[in-house]
Amino acid sequence: MAVASTVPLSSREDLSLAYTPGVAQVCEAIAADPALTRELTWVGHTVAVVTDGSAVLGLGNIGPRAAMPVMEGKAVLFKQFGGVDAVPVCLDTQDTEEIIAVVKALAPSFGGINLEDIAAPRCFEIERRLDAELPIPVFHDDQHGTAIVVLAALRNAARLLGRDLGDLRVAVSGAGAAGIAVTKMLIAGGVDAGRVIVCDSKGTLYASRPDLALGSEKAGLAAITNARHVANGIEAALAGADVLIGVSGGQIAESAVAAMAPDSMIFALANPTPEVPPAIAGKYAAVVATGRSDFPNQINNVLAFPGIFRGALDSGAQRITEAMKLAAADAIAGIVADDLRADQIVPSPLDPRVAPAVAAAVIAAA
């Protein structure tokens, strides 16, 4: 990565415009009307990619310095696919209040904040507070980017198989940031909440489970999902299920997958090792997706976040709403809607149509 000027600096006149004395006129204009910041500086097309290094890819809590390559990579994807400039910001603190305070202090330099690789449950509070307290879009991609692409993929898989979202029985393996966000997005997109069963490392979530902290994200999900109060673990959740969404990293036994309903759908998204190996998933499921680029149907956040921020920045939106997320999912699904196959329920991450379509949908919904 590098930072480059968009104007030449080859003469004294160029220098006087880009810096002193010409820059003072721009400063005075913004002081008189702060809204001009978006037009006269890079703020209108730049986001901060912020992490504390506590949940980096499949590597875990490796800290802010080791997280920098991932944040740089994310910034490159922002530029390549969405034309959005992004700056990695790796914070040497994992304290919720400190992170919130630092990001709020940095916010005038950016048009949006992309939170990245921050562990649950801390990430929920950080996003919620920043979204409420900042006048610019705040988006935790590990939650919502994943959820948006999963909804797009499930819409197309269900359509391919002639199924209705509201009739599907769904098991979600993983109740961290991605699992909770995916579940909420699927419900918002038309899946019947009572027919969803979410599993964490201790078993299924259900309303009367005693170890769920009152007011927690998990307790909130348990109150509206798993209407049959299925207990035990993922094996019980998968019995007769139509859909498996894996966002846990744990391995799921073949015997549990074999107990799913006919013509099932398996999205095993853990990287680098899917919860169910694709060869085994393909024995039982009509549609299989992973998070890997070397298998068909890659569920990749890059299908979502560049276009979402491009649309949010171009529309001047102060936050990214649920309506914008649902519109993004519809746009992603629509790219391949007329050419659906079992091995093509989402577009390629390299498809140049995706980010413009997502941005247009987000602008329309903003």
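These entries record what I looked up, item by item.

**Entry 1: the model**
I am working from a predicted model. I keep that in mind for each entry below.

**Entry 2: helix 13 against helix 15**
I looked up how helix 13 (residues 305-315) meets helix 15 (residues 354-365). Their axes are 7 Å apart, and the packing angle is about 45°. Helix 13 is therefore oblique to helix 15. I noted the crossing as right-handed. Next I listed the residues in contact. Helix 13 contributes Gly 307, Ile 308, Arg 310, Gly 311, Ala 312, Asp 314 and Ser 315. Helix 15 contributes Ala 355, Val 358, Ala 359, Val 362 and Ile 363. By class, I get 7 nonpolar, 3 polar and 2 charged residues in the contact of helix 13 with helix 15.

**Entry 3: helix 7 against helix 8**
At what angle do helix 7 and helix 8 pack? Helix 7 (residues 141-160) and helix 8 (residues 177-188) pack at about 45°, with axes 8 Å apart. So helix 7 is oblique to helix 8. This crossing is right-handed. On the helix 7 side I wrote down Asp 142, Gln 143, His 144, Thr 146, Ala 147, Ile 148, Val 150, Leu 151 and Leu 154. On the helix 8 side I have Ala 177, Ala 178, Ala 181, Val 182, Met 185 and Leu 186. The contact of helix 7 with helix 8 divides into 11 nonpolar, 3 polar and 1 charged residues.

**Entry 4: cysteines**
How many disulfides are there? I count 0 disulfides, with two sulfur atoms needing to lie within 2.5 Å. The closest cysteine sulfur to that of Cys 90 is in Cys 123, 17 Å away, so the two are too far apart for a bond. Cys 123 is likewise in no disulfide, its nearest cysteine sulfur being that of Cys 90. I also checked accessibility. Cys 90 has 23% relative accessibility, so I log Cys 90 as partly exposed. Cys 123 has 2%, so Cys 123 goes down as buried.

**Entry 5: Thr 46**
I found Thr 46 in strand 1 (residues 46-51). Is Thr 46 buried or exposed? Thr 46 is buried, because its relative accessibility is 0%. Leaving out residues up to four places away in sequence, I list Asp 85, Val 87, Phe 110, Gly 111, Gly 112 and Leu 313 as touching Thr 46.

**Entry 6: cis peptide bonds**
I noted a cis peptide bond between Thr 20 and Pro 21, with omega about 5°. Pro 21 sits in the loop between helix 1 (12-18) and helix 2 (22-32). I also noted a cis bond from Ala 120 to Pro 121, where omega is near 0°. Pro 121 is in the loop between strand 3 (112-115) and helix 6 (122-133).

**Entry 7: positive phi**
I looked for positive phi in residues other than glycine. Asp 263 has a phi of about 55°. I place Asp 263 in the loop between helix 11 (254-258) and strand 9 (264-268). Asn 297 also has a positive phi, near 55°. Where does Asn 297 lie? Asn 297 lies in the loop between strand 10 (285-290) and helix 13. Its relative accessibility is 5%, so Asn 297 counts as buried.

Technical notes. Residues are numbered from 1 along each chain as its sequence is written. This is a predicted model: local features need pLDDT of at least 70, side-chain atom pairs count only at pLDDT 80 or more; totals for chains, interfaces and linings use all residues. Side-chain values use heavy atoms; hydrogens and water are left out. Axes are lines fitted to C-alpha atoms, for helices over the stretch in contact, and angles run from 0 to 180 degrees between N-to-C directions. Helices (H or I, at least four residues) and strands (E, at least two) are DSSP runs, numbered from the N terminus. Angles under 35 degrees count as roughly parallel, over 145 as roughly antiparallel, 65 to 115 as roughly perpendicular and the rest as oblique. A crossing is left-handed if the near helix is turned anticlockwise from the far one by less than a right angle, and right-handed if clockwise. Contact means heavy atoms within 4.5 Å. Ala, Val, Leu, Ile, Met, Phe, Trp, Tyr, Cys and Pro count as nonpolar, Asp, Glu, Lys and Arg as charged, and the others, Gly among them, as polar. Buried means under 20% relative accessible area, exposed over 50%, partly exposed in between (1.4 Å probe, protein chains only).
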